[in-house]
Amino acid sequence: MTTHVPVARLTAPTVLVTLIGPDASGVSTRLFTELGGFDLEVIDVEQLVVRGRLILSVLVTEPADLVGLEAAVRRAGADLGLDVSVERGSGDNRPRRVGRAQVVVLGHPLRPDAMAAVTAQIRTDGGNIDRIVRMARYPVTAIRMEVSGADPDVLQMTLATVAHERGVDISVQENGILRHAQRLVVMDVDSTLIQGEVIEMIAAHAGCEEEVAAVTESAMRGELDFAESLHQRVALLRGVDATALDDVYASLQYAPGARTMIRTLKRLGYRFALVSGGFTPIIERIAAELGIDYYAANDLEVQDGRLTGRVLGRVVDRAGKAEALREFAAAARIPVKNTVAIGDGANDLDMLAAAGLGIAFNAKPLVRDQARTSVNVPYLDTIIYLLGVTREEVEAADEADEADRSE
């Protein structure tokens, strides 16, 4: 059922009361106490505090005694050391225009010229910035802007150019109720979730690391078919003792912030999947360690305790990763539109395109240029800012968990 606001309500006389100055305990209480002495209705409230500087605005219906109202709030402002403005008008806030988007800017550091370019482009695209909020101060500065009036798809394209020119990362997502729904996060593993490439670590045991690394780099740049490159590289591993897989797993290093991202989003009910061109003996152990719900990877053939240099079954390649994303989404009963894919190589492109939000993480130029969203800082937990979670919320949740464990 649609609720319509009466026309009289939209045109009725209203008053905007704004207090500006040093923040202090009890400011809002004092203001609402003063307003409570008049026959009026509170329509809207906005408050912002930046480094101890307060801006508090309250929109109310105009009372019969407007002079008395103004005197009361100015007296309160004088007592609190705040500047006060009282503005008459009519109706509620103007309706927000169609085309709602959330724009998140990540900078390390974030410079004024970058913000100027972003906001100017939003205006050029017909958008209006309705609200700006800081999501994080470290390890990067993350700023979220709620934008109306501009087509999110247009913003996605134009702001990608701004991001490249200004050295920042920008994510554009359509605002709506689905943004708050449970999501499935699907991650590549090599050079995304972990630092380095597993196959190169195994190759070190075979004495052919440089040769394997050269083929890997060519495949990640999109110069060589992934399945073909995988067979070439695995063939070089023939004869390697299978215990090398245990050594490789023990030496893995996760990307900075990986555990924080997974821990935080799992608190919110998110599901996780790993889709890797790597190998099942490694991937299944990572999944068990991190509490990952689903995974898909390639199977290495082992005979008499040694690698044969062959891959069993179908290779998890570029198309296979996108197919796995859809299969895992179906298993989790999560719409594909509510999936997030994270990867760095050319074989991740189909997966990034299939997801509702595809993120190129410290990716090769080919991937960065084609992905809708790029993150070019080495901290995997910056992804949570794109999903609406602030650094303060992460820290508060971690502190609460620590307190629970200590009891």
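What is the mean pLDDT of the chain, and what share of its residues reach 70 or more? I found a mean of 90, with 94% of residues at 70 or more; pLDDT is the predictor's confidence in each residue, from 0 to 100.

I noted the ground rules. The model is predicted, local features need pLDDT of at least 70, side-chain atom pairs count only at 80 or more, and totals for chains, interfaces and linings use all residues. Residues are numbered from 1 along each chain as its sequence is written, and side-chain values use heavy atoms, without hydrogens and water.

Helix H1 (residues 7-11) is lowest at a mean of 56, and strand E9 (residues 184-187) is highest at 98. Helices (H or I, at least four residues) and strands (E, at least two) are DSSP runs, numbered from the N terminus.

Next I traced a sheet. Four strands form an open sheet in the order E2-E3-E1-E4, with antiparallel pairing; strands pair if DSSP finds at least two bridges between them. E2 (42-50) and E4 (83-90) are the edge strands. Eight bridges join E1 (residues 13-22) to E4. I picked out Val-17, whose bridge partner in E4 is Val-86.

Then I checked the helices on this sheet. H2 (residues 27-35) packs on it, touching E1, E2 and E3 (53-61). H3 (residues 66-80) also packs on the sheet and touches E1 and E4. Contact means heavy atoms within 4.5 Å.

Conventions:
Axes are lines fitted to C-alpha atoms, for helices over the stretch in contact, and angles run from 0 to 180 degrees between N-to-C directions.
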